[in-house]
Amino acid sequence: MNTETKEHELRQTDALEEQAGGGAESAQVDPEAALEQHKMTTAEFEELKTEAAKANEYWEQMLRVAADFENFKKRAARERQETSKYANEGLLEKLNPILDNFDMALAAAGSAQTNTAQSLQAGIAMIYQQLKNVLTEAGLQEIDASNQPFDPNWHEAVSQQESAEVPEGQVLQQLRKGYKLRDRLLRPAGVVVAKRPAG
């Protein structure tokens, strides 16, 4: 072995010893530092216990709120169903007297003594007006299409008819009344719409 190789091996051995010595020093534990680290861990553990207790409390609150909300949803669904089932109660109560008047009118029509066409007509006109008033109060509105420009939102064209007197696209005749509930269409008015004469 030459001198250079021996020196190289010696340097490597020294380096390994230094590393081993440094490792041994780092492997020694400082008791005060370990105790301090243990104290911090205990404080952190207490904090974690407090946070866990809070989390459990919040979880129980959330479960109670979820249960209350579920009960509210069921109650609201029952109320909606009941409201929808009896929604027309007020309207039907108002229609009862009209049915009574129809019964009286039919009884009078069947009786020979009071069966005059004029009195029967007057009675039916009164009942008709009473019915119209109740339905108007409930929000029903007639769609008057007579002499109006044709509007496909409110009118249904049943047919077209040539006319020189009325402009094209205007309602010439209303065959059936239309109705809406406030702003919502229930039934379009059936109409005859004017068109230009051929030729």
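Helices are DSSP runs of H or I, at least four residues long, and are numbered from the N terminus. Helix H3 in this predicted model spans residues 89–110 and contains Ile98.

Ile98 has a relative accessible area of 3%. Buried means under 20%, so Ile98 is buried. Its contacts beyond the local stretch of chain are with Ile127, Gln130, Leu131 and Val134. Neighbours of Ile98 within four places in sequence are left out of that list. A C-alpha separation of 8.6 Å is found between Ile98 and Tyr128. These two residues lie 30 positions apart along the chain.

Helix H2 covers residues 31–85 and includes Met62. The relative accessibility of Met62 is 40%.

The overall arrangement was examined next. The protein has four helices and six strands. Along the sequence the pattern runs α-α-α-α-β-β-β-β-β-β.

Three strands, in the order E1-E4-E5, make up an open sheet. Their pairing is antiparallel. Strand E1 (140–143) and strand E5 (184–187) have a single partner strand each, so they stand at the edges. One side of each is therefore left without a neighbour in the sheet. From one strand to the next, the twist averages 35°. Strand E4 takes in residues 178–181 and pairs with E1 over four bridges, in the antiparallel sense. Within E4, Leu181 is the bridge partner of Leu140.

The protein has 199 residues, and 11% of them are buried. The accessible surface of the protein comes to about 16,200 Å². Carbon and sulfur atoms hold 54% of that surface. Among contacts in the protein with a separation of 6 or more, 60% join residues 24 or more positions apart.

Definitions and conventions. Residues are numbered from 1 along each chain as its sequence is written. This is a predicted model: local features need pLDDT of at least 70, side-chain atom pairs count only at pLDDT 80 or more; totals for chains, interfaces and linings use all residues. Side-chain values use heavy atoms; hydrogens and water are left out. Two strands pair if DSSP finds at least two bridges between them. Helices (H or I, at least four residues) and strands (E, at least two) are DSSP runs, numbered from the N terminus. Axes are lines fitted to C-alpha atoms, for helices over the stretch in contact, and angles run from 0 to 180 degrees between N-to-C directions. Buried means under 20% relative accessible area, exposed over 50%, partly exposed in between (1.4 Å probe, protein chains only). Contact means heavy atoms within 4.5 Å. Accessible areas come from the Shrake-Rupley method with a 1.4 Å probe; for residues, only the protein chains shown count as cover.
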